[in-house]
Amino acid sequence: MQQDYTSSSSESKSIFDKDSKYVMQTYGRQPVVLESGKGSLVYDIEGREYVDCVAGIAVNNIGHCHPYLTEAIKKQAEKLIHVSNLYYTEPQAELAEQLVNVTGMDRVFFCNSGTEAVEAAMKLARATTKKTDFIAVEHSFHGRTMGALSLTYKDIYRAPFKPLVQEEKFVPFNDAQAIADSITPNTAAVIVEPIQGEGGINVPSQDYLKEVRKICDENEVLLIFDEVQTGFGRTGTWFCKEYFGVEPDIMTMAKAIGGGFPMGAIAAREGVAFNRGEHAATFGGSPLACAAALASIDVIREENLIQRSKEMGEYFRGELSKLTTDGFVEVRGKGLMIGVQFDRKCADLVEHGRRNGVLLNCTSETVLRIAPPLVITKEQIDRVVSVLEQA
């Protein structure tokens, strides 16, 4: 039966009205009330089905409401939800061990979000080097809190809140020499997304990060990888650093770490660590969040989702490359982190997708960012491509 995606019920309109009246209007929401989800599909309050190519912005890597995850959250919630970091808990210790294993780093610090992870990385870099400055790259996105905002490129985000933690210091992406030329005796660290997310799914040349690593080593500057969006199988490897064969000194994680449950963390190499009292987070590494993250990591392993991300990503990009949609330029990305570039603004494609049962996201005005759950099927991919072809 053909579903009508063009109308909203009185119940939906009531929710729109409540949001407008009671919630600070900081988001440009799509006019749809989502109610439930399973795998790569979500359902709105009218009962309509959508293929989800947003996944909570690269969060729901193992799919919506995975039964193993929901059971783990339920079991932990019945035992212990929160006690603070004044005490030890088994889930936190176990997750720390798991994260050290999958990242190849030495130690971790737990927080609650991606921007908190970047803030922690900035503090750790300053504490380690006793220097204050950072170099970031053009089209970067590292978060909206005051420190992370200093390293986020778009002036529309930064300008209303100046002065920030540091003065602007952005160099072109994929230009290692520009980083070398910008280092000063007071540079603490260089921060870069291995593949830029919000900036338009920009993939650097294969040697770029190796060159940056060498430059940082030669100048005794730390290298921070922001893997908030690229982590936990999104790009067809546990973390995108593996694709480029480069190890950072500090890396940030969040989004997919908890399978949809809010959480963040940083990991750092040996010799780079906070001392007692240098940083803290009341909710960081709570028993509930850690139980969710442990379950998510188990699912990624047991269902071989990293290889699936690689294979489905190759298939998805191959099918998208055949598009004849007006303004289509190219497809780029790794794994299931995909950008579809147009030579025009693509907000209308997001609306077209929603009206035809596909949830999409436009970033940098001209790029469709496609980041579905890693469990997406070929049939669902074909459905997405068909909808875009009809736009």
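Predicted model: local features only at pLDDT ≥ 70, side-chain atom pairs only at ≥ 80, totals over all residues.

Tutor: Happy to! Residues are numbered from 1 along each chain as its sequence is written, and side-chain values use heavy atoms, without hydrogens and water.

Three bridges join strand E2 (residues 41–44) to strand E3 (residues 49–52), and the two pair in the antiparallel sense. Two strands pair if DSSP finds at least two bridges between them; strands (E, at least two residues) and helices (H or I, at least four) are DSSP runs, numbered from the N terminus. E2 and E3 belong to an open sheet of four strands, ordered E1-E2-E3-E13, with mixed pairing. Strand E1 (34–38) and strand E13 (358–359) stand at the edges with a single partner strand each, so one side of each has no neighbour in the sheet.

Across E2, E3 and E13 lies helix H14 (residues 378–389), running at about 95 degrees to E3. Contact here means heavy atoms within 4.5 Å; axes are lines fitted to C-alpha atoms, for helices over the stretch in contact, with angles from 0 to 180 degrees between N-to-C directions.

Now for the spaces. On a 1 Å grid over the protein atoms alone, a cavity is a set of points where a 1.4 Å probe fits but cannot get out, a pocket is an open set with protein on both sides within 12 Å along at least five of seven lines, and lining residues have an atom within 4 Å of a point. Points are joined across faces, edges and corners, and a volume is the space filled by probe spheres set on them.

The count is three cavities of 30 Å³ or more. The largest has a volume of about 60 Å³, and Ser84, Asn85, Gly285, Ser286 and Pro287 lie nearest its centre among its 14 lining residues.

The second largest pocket holds about 1100 Å³ of space. Of its 31 lining residues, Asn85, Gln92, Val108, Phe109 and His279 are the closest to its centre. Helix H4 gives the largest share of this lining, five residues.
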